[in-house]
Amino acid sequence: MLRLTPTLFSSALALAIMPAAAIAQSEAAQAEAHAGHTGQAANHSEHAEHAASMADDVAGAEAVLVDYRESLTARDADAMIALFAEDSAVFENGKDEGSFSHYMEHHLAPELDAITSFTFSEPTVSVKRMGHMAFGHETYNYRIELTDGRVIEREGVATSVLRHDAGGWKIVQYHSSSRAPRNP
């Protein structure tokens with residue numbers, strides 16, 4: 001038979017009641033935290049209003065992407081530049097083009113001068129917001145007519161990352177790619 005000494009008995013008793021004390025302490029902490037939270041119940045309507053405002057503001061991010069497409073077809077460089085953050089990054093068809101300003105200066109601006117017509121068809125825009133950031137996905141077809149008579153038709157996709165701050169939504173990263181249409 002096992003004989004417990006008073007010291008061993010005290011230690012065994014302490015170990016046996018420790019989990020119960022820890023559970024009781026944890027339950028007390030949770031109750032206290034919940035009591036503070038229930039006082040915030042009136043603020044849930046403010047949270048719902050904020051969530052609705054954020055959902056409405058997804059339309060703002062979508063509008064920036066639509067404005068970029070419209071500025072491109074209008075060949076309005078100033079309008080395009082205004083839609084991008086200064087620290088933006090542009091990737092096109094597997095090439096890092098640098099910031100949008102760099103892309104405009106070294107790539108897009110010379111092309112805009114050679115375009116007589118630029119049209120998009122069947123565009124789609126989808127945006128998902130995550131806090132002060134939004135992620136966009138676009139699909140489209142486009143047709144470009146050049147001053148030398150060439151016509152370029154492509155199917156394209158683009159993904160973008162937008163940031164929202166006091167100035168509104170700006171594109172911080174834009175990645176587009178295209179290919180010749182597949183024959184049906």
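How do the residues of the lining of the largest pocket divide into nonpolar, polar and charged? In this predicted model, the lining has 17 nonpolar, five polar and six charged residues. Let us look at that pocket first, then at the chain around it.

**The pocket**

The largest pocket has a volume of about 500 Å³. A total of 28 residues line the pocket, and those closest to its centre are E92, Y103, F118, Y142 and I144. Several elements give two or more residues to this lining: α2 (44–74), β1 (84–92), α4 (100–113), β3 (115–130), β4 (133–146), β5 (151–165) and β6 (168–179). The largest share comes from β4, with five residues.

**The chain as a whole**

The secondary structure comes to four helices and six strands. Followed along the sequence, these elements form the pattern α-α-α-β-β-α-β-β-β-β. The chain has 184 residues, and 24% of them are buried. Of the contacts with a separation of 6 or more, 53% join residues 24 or more positions apart.

**The nonpolar core**

In soluble globular proteins, nonpolar side chains tend to be buried together. Here, the largest nonpolar core has 28 residues. Those with the most contacts inside this core are Y68, M80, F84, F100, L108, L162 and I171. At least two core residues come from each of α2, β1, α4, β3, β4, β5 and β6. The largest share, six residues, belongs to α2.

Apart from its neighbours within four places in sequence, F84 is in contact with Y68, V90, F100, K170, I171 and Y174. Among these partners, Y68, F100 and I171 are also listed with F84 as having the most contacts inside the core.

Now to the backbone. Which phi value does R75 have? Its phi is near 55 degrees, a positive value in a residue other than glycine. N93, also not a glycine, has a positive phi of about 45 degrees. The table sets out where each residue lies and how accessible it is.

| Residue | Phi | Loop | Relative accessibility |
|---|---|---|---|
| N93 | about 45 degrees | between β1 and β2 (95–98) | 45% |

Technical notes
Residues are numbered from 1 along each chain as its sequence is written. This is a predicted model: local features need pLDDT of at least 70, side-chain atom pairs count only at pLDDT 80 or more; totals for chains, interfaces and linings use all residues. Side-chain values use heavy atoms; hydrogens and water are left out. On a 1 Å grid over the protein atoms alone, a cavity is a set of points where a 1.4 Å probe fits but cannot get out, and a pocket is an open set with protein on both sides within 12 Å along at least five of seven lines; lining residues have an atom within 4 Å of a point. Grid points are joined across faces, edges and corners, and a volume is the space filled by probe spheres set on the points. Ala, Val, Leu, Ile, Met, Phe, Trp, Tyr, Cys and Pro count as nonpolar, Asp, Glu, Lys and Arg as charged, and the others, Gly among them, as polar. Buried means under 20% relative accessible area, exposed over 50%, partly exposed in between (1.4 Å probe, protein chains only). Contact means heavy atoms within 4.5 Å. A nonpolar core is a set of buried Ala, Val, Leu, Ile, Met, Phe, Trp, Tyr and Cys residues joined through side-chain atoms within 4.5 Å.
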